Amino acid sequence: AQTVTQSQPEMSVQEAETVTLSCTYDTSESDYYLFWYKQPPSRQMILVIRQEAYKQQNATENRFSVNFQKAAKSFSLKISDSQLGDAAMYFCAYRSALFGGNNDMRFGAGTRLTVKP
Amino acid sequence: KAGVTQTPRYLIKTRGQQVTLSCSPISGHRSVSWYQQTPGQGLQFLFEYFSETQRNKGNFPGRFSGRQFSNSRSEMNVSTLELGDSALYLCASSLPSGGRGTDTQYFGPGTRLTVL
């Protein structure tokens with residue numbers, strides 16, 4: 001079964017600085033998606049960034065970028081120029097790309113990010 | 001385009017009662033998944049519906065059930081509520097991308113269920 005591990009329960013960053021959140025996963029599949037979701041105090045899960053496993057290029061969305069290491073099964077999120085609004089719980093998630101198969105989303109335990117002014 | 005909507009947003013029930021939660025996916029999305037989020041267990045997958053058929057089911061007791069209608073709206077039902085069912089229930093919809101069958105899930109705001 002696929003598992004997702006986030007080893008950092010809490011992280012802190014100074015406003016305008018850069019922070020990296022770690023995520024590792026375990027799978028025997030070759031085709032899958034990886035996601036980072038953000039959950040602020042409002043509890044609304046917001047998609048931050050998405051990576052397709054067959055693409056070697058790391059995904060980037062404005063200040064958010066990932067370091068996807070497929071062989072190492074590692075998927076870290078880098079937030080540049082951190083802003084107060086980035087404070088939230090961040091979840092790493094895995095989803096198989098197999099159609100009709102067991103492709104439910106598997107989430108890590110989350111990393112709570114605090115941004116200090 | 002409107003996002004995923006869930007109703008009600010908050011619900012208080014007592015043990016033994018049953019509850020029905022509703023989810024309206026993003027227009028055009030045909031896949032709806034349900035998750036339970038608790039402080040102790042984190043985010044756990046309940047089930048997924050696609051074109052009115054349950055495609056996947058998580059490891060939850062039979063008290064948890066769901067269905068999907070022809071307009072892709074989905075409901076989940078929990079019967080004989082227990083204290084441990086208190087949680088945030090999240091619904092997510094996705095549009096299976098051509099041929100690959102899976103795509104990004106977009107979440108609703110959740111329904112906060114409290115069982116007393």
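## Pockets and interface of chains A and B

The lining of the second largest pocket divides into four nonpolar, six polar and two charged residues (Ala, Val, Leu, Ile, Met, Phe, Trp, Tyr, Cys and Pro count as nonpolar, Asp, Glu, Lys and Arg as charged, and the others, Gly among them, as polar). Please keep in mind that this is a predicted model, where local features need pLDDT of at least 70 and side-chain atom pairs count only at pLDDT 80 or more, while totals for chains, interfaces and linings use all residues. Residues are numbered from 1 along each chain as its sequence is written, chains are lettered from A in the order in which they are written, and side-chain values use heavy atoms, with hydrogens and water left out.

Let us stay with the pockets. A pocket is an open set of points on a 1 Å grid over the protein atoms alone, where a 1.4 Å probe fits, with protein on both sides within 12 Å along at least five of seven lines; lining residues have an atom within 4 Å of a point. Grid points are joined across faces, edges and corners, and a volume is the space filled by probe spheres set on the points.

| Pocket | Volume | Classes in the lining |
|---|---|---|
| Largest | about 330 Å³ | eight nonpolar, eight polar, two charged |

For the largest pocket, 18 residues form the lining, and R106(A), F107(A), L43(B), Q44(B) and F45(B) lie nearest its centre. The largest share of that lining, four residues, comes from β5(B).

Now to the interface. The contact (heavy atoms within 4.5 Å) takes 25 residues from chain A and 24 residues from chain B. About 2000 Å² is buried between the chains, with carbon and sulfur atoms giving 48%; this is the accessible area (1.4 Å probe) that the two parts lose on being put together, summed over both.

The rule finds one salt bridge across the interface, that is, a side-chain nitrogen of Lys or Arg within 4 Å of a carboxyl oxygen of Asp or Glu. R95(A) pairs with E48(B), their closest N and O atoms being 3.2 Å apart. On the side of chain B that touches chain A, β5(B) gives the most, with four residues. By class, that side has nine nonpolar, ten polar and five charged residues.

Key:
Helices (H or I, at least four residues) and strands (E, at least two) are DSSP runs, numbered from the N terminus.
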